[in-house]
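Subject: Structure for you to look at

Hello,

Here is the structure I promised to pass on. Please open it alongside this email; my notes follow below.

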Amino acid sequence: MQHLDLRVIEQALAWAREGATVWLCTVIGTYGSSPRPPGALFVVSSDGQYVGSLSGGCVEEDFLKRQAAGEFDTPITIFRYGEGGVEGAGVVLPCGGILDVLIERLPPEHDALVHLEVFRDTLLGHKALARRVELNSNVRSFVEDDGIGPRVAWDANSNVAHIRLTPATRLIIAGISPVSEACAQFALGLGYEVIICDPREEALAGFDVPGVEVRAQLPSVFIASGGCHAATAIVALTHDPRIDDLAMIEAVRTPAFYIGVMGSQRTSHARAERLRRSGGLNEAEIASLHMPIGLSLGSKTPAEIALAVMADVLRVQRGKTRNSL
């Protein structure tokens with residue numbers, strides 16, 4: 001799940017709370033090439049404002065015209081874009097693919113607000129749920145789900161969609177440095193939710209990356225307070241053991257899928273010894289840390305190191321081994 005999709009649901013909830021009807025669109029099927037994968041979200045308010053994306057722009061423009069004309073006034077429907085689409089035959093995707101979109105009209109009523117609130121909490125990692133949408137009965141509900149399998153399962157015979165809601169991938173950056181700034185920019189481009197923690201006033205004063213949540217506190221404190229879920233990566237990038245080591249001690253106690261810390265082979269060996277002696281980490285916990293962090297690309301500049309870091313995070317997230325690259 002990308003952070004963009006979390007923004008979609010947060011905005012949908014805000015509009016609904018203000019009394020606006022919203023149209024929530026979910027990509028439930030793609031055939032051939034497609035700009036956005038199944039599960040991608042797009043929301044439109046009754047006054048035409050929108051957030052999210054279904055394609056590169058052509059689908060969104062067509063949808064807005066149809067929505068303004070009152071074409072999507074039924075509670076739940078499926079609309080096809082691309083070649084072969086009966087209703088959407090007038091729109092051809094530039095990539096030549098086909099897009100099936102689930103469209104839900106949500107009036108600002110209690111049930112819709114509760115549904116959006118649960119949706120948001122699930123994307124934040126507070127719950128492990130999937131959405132079940134039944135077109136024949138116009139019923140939507142949440143069911144427990146382990147998050148394993150395709151994002152969307154669509155049964156055309158029963159007209160039921162099962163949509164898994166995994167949290168938006170979160171990157172927690174422990175400490176501000178030139179590498180941290182470049183890493184944050186790469187992560188935002190990948191659609192991650194980015195949180196950077198640093199208690200140092202001088203470091204905070206020089207950091208300015210729009211879209212990043214900045215917390216003026218020790219990363220270890222934020223991590224220990226429950227700032228992680230299973231779709232979280234934690235990277236320590238300062239070379240300052242007071243920040244990096246404490247972050248690692250707390251990080252190994254979380255469900256984060258990636259935990260790494262910057263440093264050479266020599267400093268990594270020294271850090272491992274400190275973490276054993278002073279941090280109380282056992283051998284399995286030490287082995288779970290990526291140190292030195294990142295793929296071995298011969299990186300020298302902050303941007304090159306950040307590229308190596310984010311490439312390694314993505315490798316682990318995709319379940320790839322170093323040998324499979």
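Start with strand β13, residues 232-236, which is mostly covered: five of its five residues are buried. Keep in mind that this is a predicted model. Both faces of β13 are covered. Thr-232, Ile-234 and Ala-236 are buried on one side. Ala-233 and Val-235 are buried on the other.

What pairs with β13? Strand β10 (residues 170-174) does, in the parallel sense, over five bridges. In that pairing, Leu-171 stands opposite Ala-233. Strand β14 (residues 258-261) also runs parallel to β13, joined to it by four bridges. Here the bridge partner of Ala-233 is Tyr-258. To get from β13 to β14, the chain passes through helix α7 (residues 241-251). This β-α-β crossover is right-handed.

The parallel sheet

β13 belongs to an open sheet of five strands, with parallel pairing. The order is β12-β11-β10-β13-β14. β12 (213-215) and β14 stand at the edges. Each of these two has a single partner strand, so one side of each has no neighbour in the sheet. From one strand to the next, the twist averages 15°.

At the β12 end, β11 and β12 pair in the parallel sense over three bridges. Ile-195 stands opposite Glu-213 of β12. Helix α4 (residues 178-189) packs on this sheet and touches β10 and β11. The direction of α4 makes about 175° with that of β10.

The antiparallel sheet

A further open sheet has four strands, in the order β7-β6-β9-β8. Its pairing is antiparallel. The edge strands are β7 (139-144) and β8 (152-155), and each pairs on one side only. Neighbouring strands of this sheet are turned by 15° against each other on average, direction ignored.

Have a look at β8 and β9. β9 covers residues 160-164 and pairs with β8 in the antiparallel sense over four bridges. Val-152 has Ile-163 of β9 as its bridge partner. Asp-155 has Val-160 of β9. The two strands form a hairpin, with four residues between them. In the turn, Asn-159 has a positive phi of about 60°.

Helix α3 (residues 110-123) lies across β6 (129-134) and β7. α3 runs at about 30° to β7.

Helix α1

Next, the helix at residues 3-17. How far apart should the ends of α1 be? At 1.5 Å a residue, its 15 residues should span 21 Å. The expected span is 1.5 Å times one less than the number of residues. The end C-alpha atoms of α1 are 21 Å apart, which agrees.

Which residues of α1 are buried? They are His-3, Asp-5, Leu-6, Val-8, Ile-9, Ala-12, Leu-13, Trp-15 and Ala-16. What covers these buried residues includes strands β1 (22-31), β2 (41-45), β3 (50-52) and β11 (193-197). Helix α3 is also among the elements covering them. Just after α1, Gly-19 takes a positive phi of about 100°.

Two single residues

Ser-268 lies in helix α8, residues 265-277. Is Ser-268 buried or exposed? With a relative accessible area of 4%, Ser-268 is buried, because buried means under 20%. Leaving aside neighbours within four places in sequence, Ser-268 is in contact with Gly-263, Met-291 and Pro-292.

Leu-307 is found in helix α10, residues 302-317. Its relative accessibility is 42%, so Leu-307 counts as partly exposed. That class sits between the cut-offs of 20% for buried and 50% for exposed. Leu-307 and Val-114 are 193 residues apart in sequence. In space, Leu-307 and Val-114 are 40 Å apart, C-alpha to C-alpha.

Those are my notes on this one.

Best wishes

Notes:
Residues numbered from 1 in each chain as written. Predicted model: local features only at pLDDT ≥ 70, side-chain atom pairs only at ≥ 80, totals over all residues. Heavy atoms only, no water. Pairing = 2+ DSSP bridges. Axes fitted to C-alpha atoms, helices over the stretch in contact; angles between N-to-C directions. Contact = heavy atoms within 4.5 Å. Buried < 20%, exposed > 50% of the residue type's maximum accessible area, 1.4 Å probe, protein only. Right-handed = clockwise from strand over helix to strand, strands pointing away.
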